[in-house]
Amino acid sequence: LALALVGALYSLFIYGANEIVNPFLRESFAITLTTAGLLTMTWGVGMVLGGLSGGWVADKIGQRQALAGGVVFGSISMLLFVFIPSASWAWIIMLVFGLTFGLYDTAFFATGMYLTDPRIAASMFAVLMALANIGIGIGFGAAGWLVDLTGFRATFGILAGFNLLVLLLLPLIYNNIGRTSEA
């Protein structure tokens with residue numbers, strides 16, 4: 001149950017932040033749609049690199065630490081948007097955001113697969129994806145609502161802060177599993 005809740009929450013926060021990046025950059029720095037698309041491509045490259053390195057990181061430091069790192073670095077990367085001074089910084093921040101996004105995503109699903117009985121791995125992955133997708137949908141709406149209420153920069157800060165609450169669920173996942181010494 002805690003793993004499912006982590007899936008919904010991490011998706012809500014990180015995908016919610018992702019949903020508002022381009023509108024934020026367009027409004028704040030008057031970038032063109034072409035530039036917005038190229039920035040999204042930069043994010044995508046970062047996400048691929050984060051995803052590719054996420055499995056390696058989890059193998060080196062353990063599932064629990066990789067997921068905790070994904071939470072912390074995901075929050076830091078969201079928080080960078082609060083302080084972005086100009087559009088030129090967006091290239092670096094989008095790459096960092098994509099990198100941490102990919103690591104966070106990979107760490108969550110690697111943890112899910114690690115803790116799942118191999119006999120039901122496909123079903124468990126489908127359930128985790130469904131719950132993550134619910135989080136994504138809620139995150140899109142919640143991020144938009146927060147932007148309307150508080151503005152873009154405050155919304156990034158709020159999402160970054162709430163994302164850290166995911167750390168509170170990690171002991172619930174790992175303390176009830178017999179394989180925690182390996183994780």
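Thr42 touches Trp91, Met94 and Leu95, leaving out residues up to four places away in sequence; contact here means heavy atoms within 4.5 Å. Thr42 sits in helix α2, helices being DSSP runs (H or I, at least four residues) numbered from the N terminus. At 13% relative accessibility, Thr42 counts as buried (under 20% relative accessible area, with a 1.4 Å probe and protein chains only). All this comes from a predicted model, where local features need pLDDT of at least 70, side-chain atom pairs count only at pLDDT 80 or more, and totals for chains, interfaces and linings use all residues. Residues are numbered from 1 along each chain as its sequence is written, and side-chain values use heavy atoms, with hydrogens and water left out.

Now for a helix pair. The axes of α1 (residues 2-29) and α4 (residues 87-114) come within 11 Å and cross at roughly 165°, the axes being lines fitted to C-alpha atoms over the stretch in contact, with angles from 0 to 180 degrees between N-to-C directions. That makes α1 roughly antiparallel to α4 (over 145 degrees). Residues in this contact split into 17 nonpolar, 5 polar and 1 charged, with Ala, Val, Leu, Ile, Met, Phe, Trp, Tyr, Cys and Pro taken as nonpolar, Asp, Glu, Lys and Arg as charged, and the others, Gly among them, as polar.

Then there is the largest nonpolar core, with 55 residues: a set of buried Ala, Val, Leu, Ile, Met, Phe, Trp, Tyr and Cys residues joined through side-chain atoms within 4.5 Å. Helix α1 gives the most to this core, 14 residues. Leu25, Phe97 and Phe156 have the most contacts inside the core.

Key: Helix = DSSP H or I, 4+ residues; strand = E, 2+ residues; numbered from the N terminus. Parallel < 35°, antiparallel > 145°, perpendicular 65-115°, else oblique. Buried < 20%, exposed > 50% of the residue type's maximum accessible area, 1.4 Å probe, protein only.
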